[in-house]
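Trainee: I would like a close look at a single part of this model, with the cut-offs spelled out.

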Amino acid sequence: AAVSQGAAVCQGAAVCQGAAWPARPQRGYRGGSPNDSGKDILEIPLPPWQERPHEPLGTKRARLLYESRKRGMLENCLLLSLFAKENLSHMTEQQLNLY
């Protein structure tokens, strides 16, 4: 049943408080979330980490700087490459291994 209030016309349970326009139904998703089967997930195996115990420090620094710049996402590349450029030359061998 339509209820008239001034210029607004409201349908059913919609609430109008002197609005200039008719009440609009709420938009959005009202249903429950479907269960995720997980079948669409593509798992890419990572290659095992290789320790390079006899790599010279200069080579290690150059490799880490290169790898910091080539991470696959521009934001990560910018952050890591700037950090690496400023800090790799001051890091100890243990710190380089952790980085």
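Trainee: Which residues does Leu 88 touch, not counting residues up to four places away in sequence?

Mentor: This is a predicted model, in which local features need pLDDT of at least 70 and side-chain atom pairs count only at pLDDT 80 or more, while totals for chains, interfaces and linings use all residues. Residues are numbered from 1 along each chain as its sequence is written, and side-chain values use heavy atoms, with hydrogens and water left out. Leaving aside residues up to four places away in sequence, Leu 88 touches Arg 61, Leu 64, Leu 65, Phe 83, Leu 96 and Tyr 99, where contact means heavy atoms within 4.5 Å. In soluble globular proteins, nonpolar side chains tend to be buried together.

Ala 84 is found in helix H2, residues 74-87, helices being DSSP runs (H or I) of at least four residues, numbered from the N terminus. With residues up to four places away in sequence again set aside, Ala 84 touches Leu 65, Ser 68 and Tyr 99. The C-alpha atoms of Ala 84 and Glu 67 are separated by 9.6 Å, the two residues being 17 apart along the chain.

Terms used:
Helix = DSSP H or I, 4+ residues; strand = E, 2+ residues; numbered from the N terminus.
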